Amino acid sequence: AAGFSDVSDRYAEAVNYLVEKGITNGLTETTFGVSKEVKRGDAAVMIAKALGLDGAGAPDAGFGDVPARAKEAVNALKEAGIFNGKSATNFGFNDTMTRGEMALVIAKAYKLEGDVTLKFTDVSDRYESAVKALVDNKITTGKTETSFGTGDNITRGEFAIFLYRAEVPETPPVVEVEGVSAIAAK
């Protein structure tokens, strides 16, 4: 997968897609960092790139902790209502992102909705509709049958898979009918 020694088959398709589209790179020339946690700022930059958002004209979001390299991405996401800060003046740029936060952001970014019954026991009301949307749209099935991992920090590998599945939704196979014939008189 793009020459990274730490990318197993589980992550290869997603990582290749994100690297080929210029959404993200590896942490080094030879490692993607699939087991490393994702910071909120890095997630914001990747999502803005994936969505093709141009933040040049977006109003300043007012976050004092966002470096110049990510300011336009964060401003565009804030203006679009996709990503909020931890407070009015703090984005939480260097804070790790949880799986619950990721669910909220991906559901908003891709306008996903879902109506499934969740079997997860760790999803609060705050995250419920977003997690339902991700499950219903086949972006995730959770960490286990009863755990989504809402409060767990998301890894770069997991994030790559979620973002890839949101970008490239699963489409049902096309079935062509070649002919119809009766097998009995009735």
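In which kind of crossing, left-handed or right-handed, does H4 pass H5? The structure is a predicted model, in which local features need pLDDT of at least 70 and side-chain atom pairs count only at pLDDT 80 or more, while totals for chains, interfaces and linings use all residues. Residues are numbered from 1 along each chain as its sequence is written, and side-chain values use heavy atoms, with hydrogens and water left out.

The secondary structure of the chain comes to 6 helices and 0 strands, where helices (H or I, at least four residues) and strands (E, at least two) are DSSP runs numbered from the N terminus. Read along the sequence, this gives the pattern α-α-α-α-α-α. Of the 186 residues in the chain, 43% are buried; buried means under 20% relative accessible area, exposed means over 50%, and partly exposed lies in between, using a 1.4 Å probe and protein chains only. Among contacts (heavy atoms within 4.5 Å) between residues at least 6 apart in sequence, 68% join residues at least 24 apart.

Leaving aside its neighbours within four places in sequence, Phe159 is in contact with Val38, Ala43, Met46, Ile47, Met97, Met102 and Ile154.

H4 passes H5 in a left-handed crossing, a name used if the near helix is turned anticlockwise from the far one by less than a right angle, with right-handed used if it is turned clockwise. The two helices H4 and H5 pack at an angle of about 65°, with their axes 8 Å apart; axes are lines fitted to C-alpha atoms, for helices over the stretch in contact, and angles run from 0 to 180 degrees between N-to-C directions. On the H4 side, Gly100, Glu101, Met102, Ala103, Leu104, Ile106 and Ala107 meet Arg126, Tyr127, Ala130, Val131, Ala133 and Leu134 in H5. The residues of this contact divide into 10 nonpolar, 1 polar and 2 charged, where Ala, Val, Leu, Ile, Met, Phe, Trp, Tyr, Cys and Pro count as nonpolar, Asp, Glu, Lys and Arg as charged, and the others, Gly among them, as polar.

Tyr127 is buried, with a relative accessible area of 12%, and, not counting residues up to four places away in sequence, it touches Gly100, Glu101, Leu104 and Thr150. Tyr127 and Leu104 are 23 residues apart in sequence, while their C-alpha atoms are 6.6 Å apart in space.

Helix H1 has 12 residues, which at 1.5 Å a residue should span 16 Å, and its end C-alpha atoms are 17 Å apart, which agrees; the expected span of a helix is 1.5 Å times one less than its number of residues. Its buried residues are Tyr11, Ala12, Ala14, Val15, Tyr17 and Leu18, and the buried residues of H1 pack against H6. Just after H1, Gly22 takes a positive phi of about 75°.

Helix H3 also has 12 residues and reaches 17 Å from its first C-alpha to its last, close to the 16 Å expected. In H3, Ala70, Ala73, Val74, Asn75, Ala76 and Leu77 are buried, and what covers them includes H2. Val74 counts as buried at 1% relative accessibility, and it touches Ala44, Phe63, Val66 and Phe91, not counting residues up to four places away in sequence. Just after H3, Gly81 takes a positive phi of about 75°.

Two loop residues complete the tour. Lys111, in the loop between H4 and H5, has a positive phi of about 50° although it is not a glycine, and at 72% relative accessibility Lys111 counts as exposed. Lys138, in the loop between H5 and H6, has a phi near 60°, a positive value in a residue other than glycine, and at 52% relative accessibility Lys138 counts as exposed.
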